[in-house]
Amino acid sequence: MPARLNLVVLGKQGAGKGTQCKRLAASYGIPHISTGDILRGAVKAGSPLGREVASVLDSGALVSDDLVIELVRERFEEPDAQSGGLLDGFPRTLGQAEALERILGDDGIKLCINLDVPIELVTQRLSSRRICQECGAIYRDTDVEAISGTCTNCGGDVVQRADDQPEAIRKRLETYERDTEPLLAFYESRGLLVTVDGDQSPDEVTSAIEAIVHERGLA
Ligand code: AMP
């Protein structure tokens with residue numbers, strides 16, 4: 001079996017991780033593993049997990065390490081993840097990063113891509129972000145889908161995430177700085193960190209990431 005392509009994408013909320021991961025997952029044929037999407041899916045389905053985490057998600061705080069680590073462990077057991085995965089929103093703490101190394105073993109993380117975007121820009125992106133509740137498509141508040149409230153992909157409702165309200169945004173960015181930024185040094189010390197300027201068009205960001213993955217002979 002060829003080596004697994006396991007990639008981590010780090011960056012503040014609103015840096016464009018979701019958009020880039022969807023594109024990269026499609027071009028490399030590996031699943032996009034977003035713990036935020038998995039948790040929001042559970043909330044929407046009203047499952048026991050969803051009921052447990054709903055209020056935490058709305059507040060913008062993190063759910064427990066144990067819970068998300070277990071979700072990721074299970075996700076990597078699924079057939080489509082045997083060729084690797086593109087991790088979005090995980091790991092978010094040092095404890096999660098260490099657990100991920102245990103989950104993946106020798107064929108571990110090949111690269112950690114840090115999408116770097118200034119805080120003013122992510123704050124503005126998050127407050128204008130709207131999302132389709134059905135398919136997860138992302139819109140801006142000025143897009144026709146956001147104004148009409150209907151997704152052109154699937155007809156689902158286009159809404160503002162509760163955690164994209166100003167108080168939750170502030171809390172999420174603070175949490176990122178405190179708990180997640182230390183991961184940059186963690187991956188740097190393993191020679192796995194690359195930083196990409198996220199303040200460019202989505203196409204430019206994708207090309208920059210693909211060039212690095214290619215240069216490193218990863219795909
Ligand atoms: P995201 O879509 O990645 O911004 O995640 C939305 C919310 O899900 C976060 O604000 C957390 O409440 C929760 N969440 C997602 N991923 C994690 C994680 N790795 N660790 C803890 N909580 C998470």
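Pro91 sits in the loop between β3 and α5 (94–104), where helices (H or I, at least four residues) and strands (E, at least two) are DSSP runs numbered from the N terminus. A cis peptide bond, with omega of about 0 degrees, joins Phe90 and Pro91. The model is a predicted one, in which local features need pLDDT of at least 70 and side-chain atom pairs count only at pLDDT 80 or more, while totals for chains, interfaces and linings use all residues. Residues are numbered from 1 along each chain as its sequence is written, and side-chain values use heavy atoms, with hydrogens and water left out.

Phe90 and Pro91 also belong to the lining of the largest cavity, together with Val9, Leu10, Gly11, Gln13, Lys17, Gly89, Arg92, Tyr176 and Thr180. A cavity is, on a 1 Å grid over the protein atoms alone, a set of points where a 1.4 Å probe fits but cannot get out, whereas a pocket is an open set with protein on both sides within 12 Å along at least five of seven lines; lining residues have an atom within 4 Å of a point. A search of the whole structure finds one cavity of 30 Å³ or more, and β1 (5–10) and α8 each supply at least two residues of the lining of the largest cavity. For the volumes, grid points are joined across faces, edges and corners, and the value is the space filled by probe spheres set on the points.

Leu10, one of the cavity-lining residues, is placed in strand β1. Leu10 counts as buried because its relative accessible area is 3%, the classes being buried under 20%, exposed over 50% and partly exposed in between (1.4 Å probe, protein chains only). Leaving aside neighbours within four places in sequence, Leu10 is in contact (heavy atoms within 4.5 Å) with residues that include Lys17, Pro91, Tyr176 and Thr180, as well as Cys112, Ile113, Asn114 and Leu115. The C-alpha atoms of Leu10 and Glu215, which are 205 residues apart along the chain, are separated by 20 Å.

Leu5 lies in strand β1 too, and is likewise buried, at 8% relative accessibility. Leu5 and Ser83 are 78 residues apart in sequence, yet their C-alpha atoms are 6.4 Å apart in space. Not counting residues up to four places away in sequence, Leu5 touches Tyr28, Ile30, Ser83, Gly84, Gly85, Leu218 and Ala219. Between the C-alpha atoms of Glu77 and Ser64, 13 residues apart along the chain, the separation is 21 Å.

| Space | Volume | Lining by class |
|---|---|---|
| Largest pocket | about 990 Å³ | 17 nonpolar, 17 polar, 14 charged residues |
| Second largest pocket | about 510 Å³ | eight nonpolar, four polar, eight charged residues |
| Largest cavity | about 70 Å³ | five nonpolar, four polar, two charged residues |

The largest pocket is lined by 48 residues, and Gly14, Lys17, Gly18, Arg129 and Arg161 lie nearest its centre. The elements that give two or more residues to this lining include α1 (17–28), β2 (32–34), α2 (35–45), β5 (129–132) and α8 (166–180). In the second largest pocket, 20 residues form the lining, and the closest to its centre are Arg40, Gly41, Lys44, Gln133 and Arg161. Here the elements that give two or more residues are α2, α3 (48–59) and β5, with α2 giving the most, at five residues.

Taken whole, the protein chain has 10 helices and eight strands, and its C-alpha atoms fill a box of roughly 45 × 40 × 35 Å along the principal axes. The radius of gyration is 17 Å, which agrees with the value near 17 Å that a compact globule of 219 residues would have; this radius is taken over C-alpha atoms, and the globule rule is 2.2 Å times the number of residues to the power 0.38. Buried residues make up 46% of the 219 residues. Of the contacts with a separation of 6 or more, 71% are between residues 24 or more positions apart.

Conventions:
Nonpolar A, V, L, I, M, F, W, Y, C, P; charged D, E, K, R; others polar.
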